[in-house]
Amino acid sequence: MSERQQFKGRRAFIFAAIGSAVGLGNIWRFPYVAYEGGGGAFIVPYLVALMTAGIPLLFMYYAIGHKFRGSAPLSWRRLGGGAESIGWWQVGISFVIAVYYAVIIAWAVRYIGFSATEAWGEEPGAFLIGQFLQQAEGDAGFDVGLTLVPGVAIPLALIWVFALLVHWRGIQGGIARISMIFIPLLVAIFLVLVVRALTLPGAIDGLDALFTPDWSALTDADVWVAAYGQIFFSLSIGFGIMITYAAHLKQKTNLTGSGLTVAFSNSGFELLAGIGVFATLGFMAQAAGVGVSEVADSGIGLAFIAFPTIISTMPGGAFFGVLFFTALVLAGITSLVSIVEVVLTAIEDKFGLSRNASVFGVGGVMAIVSLLLFPTTTGLNLLDVLDAFANNFGIVGAGLASVITLAWGLRRLGMLGDHLNEVSSFKVGLLWKLMVGLVTPLILGFMFVSQVISRIQDGYGEMPSGYVALYGWGSAIGLLVIAAIMTVIPWRKGVVAAHDAGQGNTPTPGKEA
């Protein structure tokens, strides 16, 4: 067993799993979803979603990876019944997300420097789209060109070099080590940001907007779907990450105890982010003489337009901006390496590549694809449409296929529950099976079908239908085709059979460099 490819302890695993879960979405997605979903009342569907889907699914994926000791495709293959394609679907989703996710981190790197001089001037929106990203306007923006924007491409290349070096150092020496440094640093920085935000004029108005409950929202089905979506995306379930990480744990590891720690740590950080973001938005609203509802935003608009506006307005804004974008970089990097690891470990398992070959070969291809497609004058629209389809159809679809296959196809929930109970302190039973086998499929099925209907009827934003069909639907369907092709390619001799379920003597996935 390779020492490099194993977490040396539960603490290292927990930090790596938290590093994966706590990403950009915790900072720029959760606060707005909570605000839109009834403010303080949103805590009800959020906690229900956490307890009925988030934690049960986290346990399920931990059990798969830990029992079958392989990458996502290999673990699914060892489960039997032709389920391997689900693993390759998850690998494909991870590939797509990684190549565009890295670009957003690169933006944040540049904005650390921009914050020091407030380079965006009076119009942060125009600066982002025009001067910094240099996006083509009109129909030209919906082509896919290869005209690089050096100001984005250079930091992106550095991000990939850093990420691949982390992977080259391995699970313990690379991923676990940076997570154990970056996550405490991230929390410390965010605490400073929150304290500063709470001292700003208007902060109370922002917190009132976030936490004042609108109980009528609980009767809105969309609010419940949004809560389940937030939990599903923020816990990194459905990507294959938790299968991959759990496969690198020692045989005797408290899986459910670790899962509870990861889940509640993730939710705790989301709450912290919500307080910091809305206290800051309250200041922005007061400074502009408008209501918080008029400045509330999420995603790229919040991070790269609203926050620069705030930074230009507040006393000591440059320091606040440096800390905020540093936090984005730290959160993004730990999530990025977890996503890339899904792809690397799968290819190592399937084709017997060494760690070096996997990192610099497969990882190098991912970096090249990322550098060719996204730091370009047409990269923003491509990133937008791929993100929407990878999340709403890829992650949700793969999650739905996972629970239906395990609960109703292979009927392996009992076996996985026994494995969890064998090694864990917190025991699972009938309630866990009901959550995974009944509640979660219904929720994910509703989310998936409603998204399909919405996209077919309404398209995506104001994008041309042909562009959405080619890069949105095309990527979603293409990942399924690639998953099917990878599934029919034979495994190396003896790899699948090497697993000796229950004996605890299966090699850890991946190979030593």
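The chain has a mean pLDDT of 91, and 96% of its residues reach 70 or more; pLDDT is the predictor's confidence in each residue, from 0 to 100. This is a predicted model, in which local features need pLDDT of at least 70, side-chain atom pairs count only at pLDDT 80 or more, and totals for chains, interfaces and linings use all residues. Residues are numbered from 1 along each chain as its sequence is written, and side-chain values use heavy atoms, with hydrogens and water left out. Over residues 501-505 pLDDT stays under 50, and the model has five contacts for them beyond four places in sequence (contact means heavy atoms within 4.5 Å).

Helix α10 covers residues 221-234; helices are DSSP runs (H or I, at least four residues), numbered from the N terminus. At its start, a side-chain oxygen of Asp220 comes to within 2.9 Å of the backbone nitrogen of Asp222. Buried residues of α10 include Val223, Ala227 and Phe232, where buried means under 20% relative accessible area (1.4 Å probe, protein chains only). Just after α10, Ser236 has a positive phi of about 60°.

Helix α19 (residues 465-488) bends by about 40° at Gly474, the bend being the angle between axes fitted to the seven residues ending there and the seven starting there. Among its buried residues are Tyr467, Leu479 and Met486. The buried residues of α19 pack against α6 (84-117), α14 and α16 (379-409).

Helix α14 spans residues 317-351 and contains Glu341. Glu341 is buried, with a relative accessible area of 0%. Leaving aside residues up to four places away in sequence, Glu341 touches Gln5, His167, Ile171, Ile175, Thr244, Tyr245 and Arg355.

Note on methods:
Helix = DSSP H or I, 4+ residues; strand = E, 2+ residues; numbered from the N terminus. Buried < 20%, exposed > 50% of the residue type's maximum accessible area, 1.4 Å probe, protein only. Expected span 1.5 Å × (residues − 1). Polar contact = N/O pair within 3.5 Å; in protein donor to acceptor, adjacent residues only side chain to side chain.
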